[in-house]
Amino acid sequence: TPFVGVIPAPQVAADTASLTDAQMLGGIIVATPTAAAAYTVRTGAQLDDAVQALRGNLVVGDAFDLTIINIGGTTDDITMTVAAGVTFVGEVVLRPGADAATEHGGQGTWRFRRTAADTWIGYRVS
């Protein structure tokens with residue numbers, strides 16, 4: 001396995017929240033909701049600014065992955081919520097790992113891809 005470099009420690013989140021740049025660009029969020037929760041992503045303009053600050057030359061097609069691991073109780077679903085300039089393709093509800101009867105319960109990954117200035121699509125890839 002090739003070495004991938006130093007990566008930041010996973011971010012954390014609990015109940016309903018607006019995600020931060022660090023949470024979205026950190027790659028992994030370990031979530032511990034105590035009830036059904038909604039996680040609102042950054043706006044397209046905020047994502048442009050955050051990725052530009054990290055990468056420098058921001059272009060259409062730039063992308064990053066965000067994996068959320070839901071370790072809440074059996075009814076503690078997380079619903080991903082859009083903000084201005086962001087749309088989702090695919091399932092936006094993330095069921096907890098404790099819900100063993102649910103396919104893919106416990107984690108979900110979205111690939112956020114820049115399609116134009118201040119415009120991103122979050123594709124559910126797992």
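Predicted model: local features only at pLDDT ≥ 70, side-chain atom pairs only at ≥ 80, totals over all residues.
Figure 1. Ile 28 belongs to strand E3, which covers residues 28-31. Its relative accessibility is 31%, and Ile 28 therefore counts as partly exposed, since that class lies between the buried limit of 20% and the exposed limit of 50%.

**Figure 2. The salt bridge between Arg 42 and Asp 21.** The model contains four salt bridges, and one of them joins Arg 42 to Asp 21, with 2.7 Å between the closest N and O atoms. Because Arg 42 lies in the loop between strand E4 (37-40) and helix H2 (44-55), while Asp 21 lies in helix H1 (residues 21-25), the pair ties together parts of the chain that are 21 residues apart in sequence. Asp 21 has a relative accessible area of 30% and is thus partly exposed.

**Figure 3. The salt bridge between Arg 114 and Asp 48.** Here the side chains of Arg 114 and Asp 48 meet in a salt bridge, at 2.9 Å from N to O. This pair links distant parts of the chain, with Arg 114 placed in strand E9 (residues 107-116) and Asp 48 in helix H2, 66 residues apart. Both Arg 114 and Asp 48 are buried.

**Figure 4. Arg 111 and its surroundings, with the salt bridge to Asp 65.** Arg 111 and Asp 65 form a salt bridge in which the closest N and O atoms are 2.7 Å apart. Since Arg 111 lies in strand E9 and Asp 65 in strand E5 (residues 63-70), the pair ties together parts that are 46 residues apart in sequence. Arg 111 counts as partly exposed because its relative accessibility is 38%, and Asp 65 is likewise partly exposed, with a relative accessible area of 34%. When residues up to four places away in sequence are not counted, Arg 111 touches Ala 63, Phe 64, Asp 65, Ile 121, Gly 122, Tyr 123 and Val 125. By contrast, the C-alpha atoms of Arg 111 and Ile 78, which are 33 residues apart along the chain, are separated by 17 Å.

**Figure 5. The largest nonpolar core and the contacts of Phe 112.** The largest nonpolar core has 23 residues, of which Tyr 39, Ile 68, Met 80 and Phe 112 touch the most other members. Two or more residues of this core are given by each of E3, E4, H2, E5, strand E6 (78-81), strand E7 (86-89) and E9, and the largest share, three residues, comes from E5. Leaving aside neighbours within four places in sequence, Phe 112 is in contact with Met 24, Val 41, Asp 62, Ala 63, Phe 64, Leu 66, Val 86, Phe 88, Trp 120, Ile 121 and Gly 122.

**Figure 6. Helix H2, its buried residues and what covers them.** Helix H2 has twelve residues, which at 1.5 Å a residue should span 16 Å, and this agrees with the 16 Å between its end C-alpha atoms. Its buried residues are Gly 44, Leu 47, Asp 48, Ala 50 and Val 51. In an α-helix there are 3.6 residues a turn, so residues three or four places apart point the same way. The cover over the buried residues of H2 includes H1, E5, E7, E9 and strand E10 (119-124). Just after H2, Gly 56 takes a positive phi of about 95°.

**Figure 7. Leu 58 in the loop between H2 and E5.** Leu 58 is placed in the loop between H2 and E5, and with a relative accessible area of 15% it is buried, because the class of buried residues is set at under 20%. Not counting residues up to four places away in sequence, Leu 58 touches Asp 48, Val 51, Gln 52, Arg 114 and Trp 120. Although Leu 58 and Arg 114 are 56 residues apart in sequence, their C-alpha atoms are 9.0 Å apart in space.

**Figure 8. Asp 118 in the loop between E9 and E10.** Asp 118 has its place in the loop between E9 and E10, and its phi is near 60°, a positive value in a residue other than glycine. With a relative accessible area of 37%, Asp 118 is partly exposed.

Conventions. Residues numbered from 1 in each chain as written. Heavy atoms only, no water. Helix = DSSP H or I, 4+ residues; strand = E, 2+ residues; numbered from the N terminus. Buried < 20%, exposed > 50% of the residue type's maximum accessible area, 1.4 Å probe, protein only. Core = buried A, V, L, I, M, F, W, Y, C linked by side-chain atoms within 4.5 Å. Contact = heavy atoms within 4.5 Å. Expected span 1.5 Å × (residues − 1).
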